[in-house]
Amino acid sequence: MLLEGLVDNSLSGEVQGMGDVYHIPKYAVDSAVTKTAGTALTAAANTHTEATLTINQHKAVYKIVEDISRIQAMPGLFEKEVSGMGYALAKAQDDFIVTKLAGGASANYIDLGSDNTISAANLRTAITTLRDLDISPEDGDVSLVVNPTVYASLFSISDFSDASKFGAGNAPSATGAFGLIYGIPVYASSAISSSTDDGTNVGFMFHKSAVAFARQSGPRVQAQASLANIGTEVVSDVLYGGATVFDTRIVTFNNP
């Protein structure tokens, strides 16, 4: 569940009791005015809007593990079966959050120079876009998430891969991993398409407040004996929802 930790998940603790629709206030930006001596101030009348988060995603994985498989297999089979179910639910959850990152009508778009290949100039443009909104990447709440192909393309950017700029033991070309790019944590996710089709969203740089996510239940695992199959029925499920709240705080990288 990579993306859950990168967006605003503060509602998860609130929704576990009850409810299915939550209204998230989008506070208007305040403006400072000049106070003139002897003149009373005029109260501001901000009009706040809202985003609606609905808990309507119920995902489940169901299977039967036959006893003969458990008896004849190496120890740990059942645990591996359950682990695979958890991965499937986590993947579905990340897929859902990606739809919210891609769902903003006012999002900022950057067309890459070539399919699934990001450049230092693309990154700098994205950072500038967020800074124009008074969002500082170094505050720890901005993330870059791209598909695996775009992630690999980062190794060709000398700002990050040239060992002479980091020392041979610290450069990504030596360690095989990018931790920070211009101070921004970077992640690869297969939930983002690696298609080469024109206009495909292949990555996002965003502030965590841009998307709200709430998990109401799970993941949980339930099991019971299946006499007819001489085995064990196992089901794992999770219940959650999400909303695009501040779409202008998302920068989307597209194939040209």
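How many bridges join β8 to strand β9, and in which direction do the two run? There are 13 bridges between β8 and β9 (residues 231–244), and the strands run antiparallel. This is a predicted model, in which local features need pLDDT of at least 70 and side-chain atom pairs count only at pLDDT 80 or more, while totals for chains, interfaces and linings use all residues. Residues are numbered from 1 along each chain as its sequence is written, and side-chain values use heavy atoms, with hydrogens and water left out.

**The sheet and its helix**

Helices (H or I, at least four residues) and strands (E, at least two) are DSSP runs, numbered from the N terminus. Two strands pair if DSSP finds at least two bridges between them. An open sheet is formed by 4 strands in the order β1-β2-β9-β8, with antiparallel pairing. Its edge strands, each pairing on one side only, are β1 (21–26) and β8 (211–226). From one strand to the next, the twist averages 20 degrees. Within this sheet, A214 stands opposite G241 in β9.

Helix α3 (residues 77–101) lies across β2 (49–66), β8 and β9, and runs at about 15 degrees to β9. Axes are lines fitted to C-alpha atoms, for helices over the stretch in contact (heavy atoms within 4.5 Å). Angles run from 0 to 180 degrees between N-to-C directions.

**Aromatic rings**

Rings of Phe, Tyr and Trp (its six-membered ring) pair if their centres lie within 6.5 Å; planes under 30 degrees apart count as stacked, over 60 as edge-to-face and the rest as tilted. By this rule there are 3 aromatic pairs. One of them, F213 with Y240, is tilted and links strand β8 to strand β9 across 27 residues. Both F213 and Y240 are buried (under 20% relative accessible area, with exposed over 50% and partly exposed in between; 1.4 Å probe, protein chains only). Together with F96, these two residues form one aromatic cluster.

A charge sits over a ring if NZ of Lys or CZ of Arg is within 6 Å of the ring centre and within 35 degrees of the ring normal. The table gives two ring arrangements.

| Residues | Arrangement | Distance |
|---|---|---|
| F213 and Y240 | tilted pair, 40 degrees between the planes | 5.4 Å centre to centre |
| R249 and F246 | charged end of R249 over the ring of F246 | 3.8 Å from the ring centre |

**Residue S189**

S189 is found in the loop between β6 (184–188) and β7 (201–207). S189 counts as buried because its relative accessibility is 6%. Leaving aside neighbours within four places in sequence, S189 is in contact with L2, D94, V145, V146, N147 and P148.
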